[in-house]
Every structure is written in structure tokens, then in C-alpha cells.
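Here's a quick briefing to read alongside the model. Have the sequence and the 3D view open as you go.

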Amino acid sequence: LNSLRRTRRPSAMAQDAVTSQILQYQRSGRWRIEGAGCLSLKPNAYIESDTLFDIPEGPRFVLRLYIGGYNPPEQPVPLIPSEYASVFAACKGYGSLKTPMMWTARIVCTNQADENRNFAQGSLAELWKGMELTAKTPEHFQLGQPQFIERSKLASDGFIVNGTLLFQLEAKIWFPDVRSSQVPAGEPFAAAALAFSGDLARLLKSRAGSDVVLRAGVQNGGETSPEPIPAHRSLLAARSPVFQQMFFGATGMAEAAACSEVCLSDMDHPTASLFLEFLYTGKVEAKSWADDDAVCHLLVAGHKYEVNSLVEACVSRLTSSLNEENAAELLMMADLLGITQIRDAALEYMCASTARLAAIQSTEAFDRLGQQRPQLALQIMKKLVVPAKRPAESHDLPEDLSSKTVVQLKQLCSDRGLPTSGNKQALIDRLKASRGE
């Protein structure tokens, strides 16, 4: 036996897999400017957005609007006609990059009167060539269009409405250095995962070894479905904390008994079948996944039974397919379930332009929104209209004004629309008089 151990050769092993890839991202972000008509028309004067998006490597991306136009400071003779507004995308925080980063930008100005007339800049040459950033790139580097749009067209053609101007930045970012990594051969493979999913699908269909019966709770007027769906308690419990507590919890629920029956309330039979399909295989058939209604029903089921992977998949699917017909419906559903990702995305989509909101207001779903969830209509109004700053109330005044410095007293006067001239005692007397003393 020892001789055999010494002479035995290792059996043939599958080689480790090597994966090479170019790390890339696609990002987009919106910028809303209030009071655009009051911006300085001085050339090279600009306003800058907050960070619209970033990437894990550190760089973050902003937009800069030169409403009065941009000319390179080193140019003694202006290159850009003064009647043009300039818009640029800028990357910040790239000083720590260890490898070059490439990026392209497409800048869209939203036409709020007619979305079919949105104005975009981003040439094909830029799109394919890209612009390279390294840690040595000057901080003032920016990518965009000096002659973005004629300034006179902003208001006359519907780009500025009620003093509001809307931009969107779309960027493709990638690191051209190819990154390679080895994946141990013993790790799960896509083919093995696919076979595993197929095996569980066949188990569900065959009903072999099932020890619980599920019935849809909504069928033909609310009656329980007569068609049973045999399933396996252990698998359901592994996929859902709710089923885990139901079948194996310490509370001794009736469903814990062998061969028990569970009513899936608030589900019709097609939804229950799709829900079980996902629990067993991690997938949903393509035809149903393309149906917004089916995905919404699955989201409700995943939320109720705490199947987080299903909820995340449904949220991603629905937020990527927002349109004028479904936005109000999805907003109400997200508010009801407390799913902030869909709620925020729907609000952002609906309020992106007055033309879009007007189209959404003509839908039946928006009428129901106003009746059933009026607080959402208020949220939409708040997002569209920036409230005027309220003057500070007199009762907000500190009790001991004498302990404040002159600078603090002047600020208190300014907040209340009071004159800020005079010495400390004059300021105190003025504030007390506003309080009625």
C-alpha cells in the first residue's frame, strides 16, 4: 500500500480558467437648474452641478454651464461667437488613478415643450476615440461643446420654461489596460449552474417527494384556486424567511404539519406558478418577464415573502422600463410597498419635464393617484416648484440676545428682513421690537 502511495501520479485536473477583461462603466445623471434666466452672461463665467455620478475607482463627474459662452483663456481672439452657450462635462478626483482612464460624454438639453426636440451634443469621433485621463492630466480638463446651442433658442424653442433648464449627462468610462485573472477550476461554472436550475425545474414539474400543497388565493372572484401546486417545504424555507418561519418556526403554525396546505393569498394562479418557478430555478420565463403587470405581481409576492433576490430583480426591471403609461401606477405601488428605489426613480422620471408630466396627467392611473394617494401629488408639486424661503418667526429668537456677537445679531436681523446697521445694543433693540417686546 505504501508503495502504491509513493508511485501514484496525480490524476488529470481541469486547468484554471483565465479571464481577461476591460473594466468599463456606463453612467447617466440629470441636472436641474432653477432661475436660469438670472445667470451671468459674462464669457467664461460658469456654474457647476454637484456630482451627477461616480465610479468605484474614485473619479466623479459634473456638468458646467457657461451661459455666456466659453473661450480658452490663452486665446487672445475669441474663437466662439458670443451668442452661443457652452456646456462641458468635467471629471474630478482622478488624481489618484494608477492607470489611464478613457471616457466619452454625451450632453442632452431637454426640450420641455417637446421631448422629440431634445438637443444633444457628442460627436461620433469622441464616442469612439474617447478622451484619456491620467493622474497628470491638468485639473481644468473638461470635455464638451463650446458652441453647444445658440442662447436665443433656449427660451424661444422651449428649453427654458419658468426659468428652469434641464440637462442630462451620459458617459461611457473604461480602463484600456486589460485585466486578467485566474478562476480556480473547482469554482461553480455557468454550465453547472444552468444544469442545477434545470434539475430543480424538473423536480417542481414532476412533484416527486413533495410534502406541501400551495394554492393561489385569488381566482375567479376571490375564491381559492382548485388547482394545487405541490412543492417541497425545505426548498421553500431555504428561499424565503417567511416560509422558514411558517414550516420550521417555534410558533407551531398549522402549516408546519406534514402534507399541509398553504394559501398564497393575494396571488392568482399564474403569478403563484411564476413565483414558484423563481424560487426553484432563480429565473422567470422571458415572455412573463417582458410583461410589466406580471413583474409587478412578482414584486408584490417577493416583497411579502421576503425573497430579496426576486425583489431586486423586479426593481431593476421596472425602473429601467418607466414610461408615460406606467409611471403613475409604479409610483403608487412603490409608495404602498415602501420601495424607495422605484418611488424615487418614478418621481424623477415624471418631473423631468413639464411636457412629460402633462402626458402622464392624462392617464387613468394619474387620476387614481390623486384620489387614492394625494400625498404623492403633493410630492410631485414640491419637486417641480421650489418653495420660497420662509422668513424666520419671531419666536425663533434666542432668549439671551446679549450673549450673541455683533455678527450673530446681524445675521438674525438679516434672516428676518430687518436692517443690519447700528451697534450691538441697537441690533438687540431692533430684534426685541420684532418680537413685540
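A salt bridge here is a side-chain nitrogen of Lys or Arg within 4 Å of a carboxyl oxygen of Asp or Glu. By that rule, the structure holds 14 of them. Keep in mind that this is a predicted model, where local features need pLDDT of at least 70 and side-chain atom pairs count only at pLDDT 80 or more, while totals for chains, interfaces and linings use all residues. Numbering starts from 1 along each chain as its sequence is written, and side-chain values use heavy atoms, with hydrogens and water left out.

**The chain as a whole**

- The protein chain has 17 helices and 16 strands; these are DSSP runs numbered from the N terminus, with helices being H or I of at least four residues and strands E of at least two.
- Of the 437 residues in the protein chain, 38% are buried. Buried means under 20% relative accessible area, exposed means over 50%, and partly exposed is in between (1.4 Å probe, protein chains only).
- Take the contacts (heavy atoms within 4.5 Å) in the protein chain with a separation of 6 or more: 66% of them come from residues 24 or more positions apart.

- Arg215 and Glu261 meet through their side chains in a salt bridge, at 2.9 Å from N to O.
- This one ties together distant parts of the chain: Arg215 sits in strand S14 (residues 212-216) and Glu261 in strand S16 (residues 260-264), 46 residues apart.
- Arg215 counts as buried because its relative accessibility is 19%, whereas Glu261, at 47%, counts as partly exposed.

**A helix-to-helix pair**

- Arg368 and Glu329 form another salt bridge, with 2.4 Å between the closest N and O atoms.
- Distant parts of the chain are linked here too, with Arg368 in helix H14 (residues 364-372) and Glu329 in helix H11 (residues 327-337), 39 residues apart.
- Arg368 has 24% relative accessibility, so it counts as partly exposed; Glu329 is partly exposed as well, with a relative accessible area of 35%.

- Asp335 pairs with Arg343 in a salt bridge whose closest N and O atoms are 3.2 Å apart.
- Asp335 is buried, because its relative accessible area is 18%.
- Through salt bridges that share partners, Asp335, Arg343, Asp344 and Arg373 are joined into one network.
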